[in-house]
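Reader: Please take one part of this model and look at it closely. I would like to follow the charged side chains that pair up, and then their setting.

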Amino acid sequence: MLMNSATLRRATSISALTSVLLWIVLLLGIFIVGALTALAPDLMVRLAPLIVIPVFVVVAAFRSNRSDLGPRFMRGWAMLLACMLSLWPTYLSLKIGSAPSLDGRKLMMLAALVIFVYLVVNRPAIRQALFFHRDSGTHLVGFIILAYIVLRYVSLHGAAFPVHAFLMLSWELVYYYFLYYFAIACLRHPDCPATLQSAFFWAMLLMAILVVLEKVQGVNYLTLYVPMGGDVGAMQALSRLRDGVLRAQGTFEHPITLAEYASMVSGFSLAALLWARRMRGRLFALLVLMTSLAVNLASASRSGLVCAGAAMLLVFVLWMYRARKVQSLAGLFGRQVLVIGTLVGAVVLAAPVVWLLTQGRSTNEKLSSLARSEMLDRGVPSVIDNPFIGTGFGTAGQIAGHVGNGGLLTLDNHYLGIAIESGVPAVLLFTLSLLIPLLRAVHAVLSRPSPHAAFLAGAAGALALLLIIRGTMWLSTNLAIGYLLAGLVMVFSRPGLSWAAEAVSTDKDRTAPGPHQASQAASRGMLRA
């Protein structure tokens with residue numbers, strides 16, 4: 001009894017001491033946050049993720065939940081991401097009083113990151129989908145992205161302002177690469193690809209209305225709400241004339257990013273048109289296809305036209321040689337040879353037109369092509385001198401940039417910029433992070449029938465054009481869509497997994513397949529793990 005009483009008093013003392021220490025740490029943390037907010041509000045806005053996420057991790061650790069995410073959550077986030085990445089103006093920030101400007105897209109990505117971290121700590125099913133899915137390809141791409149991120153952080157060694165560069169790179173991590181991991185962990189319901197694709201289609205129709213108003217009125221009214229003292233993207237939004245013609249930009253910071261987005265939608269809409277079984281679906285896909293091509297033309301971007309053609313060509317070739325039954329190795333090899341031969345033949349036939357577009361049809365277009373050549377002339381020697389770790393984050397513009405309209409310093413080659421700042425290995429890792437999901441999607445369409453074949457073909461076209469257009473632009477806004485698609489491709493191209501194998505909860509969800517439908521799906525080749 002005496003021993004038990006002593007043990008109880010000791011435990012009570014330790015508990016009281018722990019509570020006191022926690023309160024001291026909490027109050028000290030509140031004081032530090034308050035002081036930093038008063039002294040440097042801009043810095044605290046950028047440090048918000050580093051402050052909020054640990055709090056959610058602690059809360060999640062004490063509230064373990066063994067259930068998986070519901071289908072409505074997954075479909076809702078797929079729709080939210082597609083709509084926000086398409087329709088929120090990249091040049092428009094939220095400005096309240098004297099507080100720092102906040103980008104709506106970044107706020108959404110921050111919310112997604114906080115929820116993602118909470119779910120990873122809180123739910124074993126999310127950890128299973130993220131780490132223990134037994135798919136070596138998904139692990140490989142995840143490792144490649146992590147290695148690329150590490151090399152980008154290593155490049156901070158040459159940054160003129162390391163703290164600012166660190167914050168910019170951290171936002172880049174949240175805004176683009178994180179979406180790959182979010183997709184494979186939180187967007188696993190079989191309706192997610194169709195939901196994402198439908199959201200892109202409706203967003204394109206809304207975008208077309210904005211583009212029509214922009215072309216007719218000669219001004220983008222959304223740019224009138226850009227806060228004073230905005231960033232470079234806001235400045236680009238206000239200067240986009242070429243040969244006296246206004247180039248449409250829609251909700252994007254530059255016409256070329258609008259063209260890039262419209263080209264991705266063109267590939268998806270062509271895939272939906274070719275794979276659709278009902279006339280209503282075909283007519284809607286045809287409407288979206290014509291609309292996306294018209295928006296692309298309104299942007300007056302040569303790169304957009306070339307990439308739209310490339311994406312649609314790949315989608316059409318995949319449809320021609322799609323697998324109607326599970327293919328043997330010999331059959332798969334034969335289809336791959338046919339695909340490569342058809343693509344090479346089409347490229348050879350289209351080479352004169354592509355050459356004319358790349359060289360430029362007017363004086364301004366020719367000057368633009370000349371500027372890109374000069375960037376290569378200035379940037380390649382720097383890459384040769386520093387091939388492994390580069391010259392440092394943020395140095396590419398000063399080394400190879402070109403001063404364009406409005407005195408803006410631009411660099412129209414994403415690969416060159418990465419090579420200058422982070423070295424050639426970083427370029428290879430970046431390319432592989434999108435190329436492997438592209439090849440995986442192509443392999444899935446050619447090797448076996450799939451209920452997601454149309455989405456996989458459209459995603460293959462989108463990833464292909466993202467890789468192509470990176471050679472003519474440094475703006476990376478649509479990479480967020482690219483890594484979101486990469487994650488979905490890696491999930492829905494797995495040959496032996498059904499919706500049930502991913503442990504998706506179907507409680508209170510009438511659209512989820514029931515036991516009978518699940519067994520039918522399994523009999524068609526979607527076997528339970």
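Author: Start with burial. A residue is buried under 20% relative accessible area, exposed over 50%, and partly exposed in between, using a 1.4 Å probe and protein chains only. This is a predicted model, so local features need pLDDT of at least 70, side-chain atom pairs count only at pLDDT 80 or more, and totals for chains, interfaces and linings use all residues. Residues are numbered from 1 along each chain as its sequence is written, and side-chain values use heavy atoms, with hydrogens and water left out.

D135 counts as buried, at 11% relative accessibility. Its side chain meets that of R440 in a salt bridge, 2.7 Å from N to O. (A salt bridge is a side-chain nitrogen of Lys or Arg within 4 Å of a carboxyl oxygen of Asp or Glu.) D135 lies in the loop between α6 (124–131) and α7 (136–154), and R440 in helix α18 (residues 424–447), so the bridge ties together parts 305 residues apart in sequence. Helices here are DSSP runs of H or I with at least four residues, numbered from the N terminus. R440 is buried too, at 17% relative accessibility.

D135 has another partner. R494 forms a salt bridge with D135, and the closest N and O atoms are 3.1 Å apart. This pair again links distant parts of the chain: R494 is in the loop between α20 (479–492) and α21 (515–523), 359 residues from D135. R494 has a relative accessible area of 7%, so it counts as buried. Through shared partners, salt bridges join D135, R440 and R494 into one network.

Look next at R134. R134 lies in the loop between α6 and α7. Its phi is near 60°, a positive value in a residue other than glycine. R134 counts as exposed because its relative accessibility is 67%.

Helix α7 holds R152. R152 is buried, with a relative accessible area of 3%. Its side chain makes a polar contact with the side chain of E421, at 3.1 Å. (A polar contact is a pair of N or O atoms within 3.5 Å; within protein, one must be able to donate a hydrogen and the other to accept it, and residues adjacent in sequence count only if both atoms are side-chain atoms.) Leaving out residues up to four places away in sequence, R152 touches L169, E172, F393, I418, E421 and S422. Contact means heavy atoms within 4.5 Å.

How many salt bridges does the structure hold? There are seven. One of them pairs D191 with R75, with the closest N and O atoms 3.5 Å apart. D191 sits in the loop between α8 (162–186) and α9 (192–217), and R75 in helix α4 (residues 71–87), so this bridge ties together parts 116 residues apart in sequence. D191 counts as partly exposed at 26% relative accessibility, while R75 counts as buried at 16%.

Buried residues of α4 include M74, R75, W77, A78 and L81. Their helix is covered by elements including α5 (104–122), α8, α9, α11 (255–275) and α20.

Last, confidence. The mean pLDDT of the chain is 79, and 71% of its residues reach 70 or more. pLDDT is the predictor's confidence in each residue, from 0 to 100. Where pLDDT is low, the predicted coordinates should not be read in detail.

Note on methods. Helices (H or I, at least four residues) and strands (E, at least two) are DSSP runs, numbered from the N terminus.
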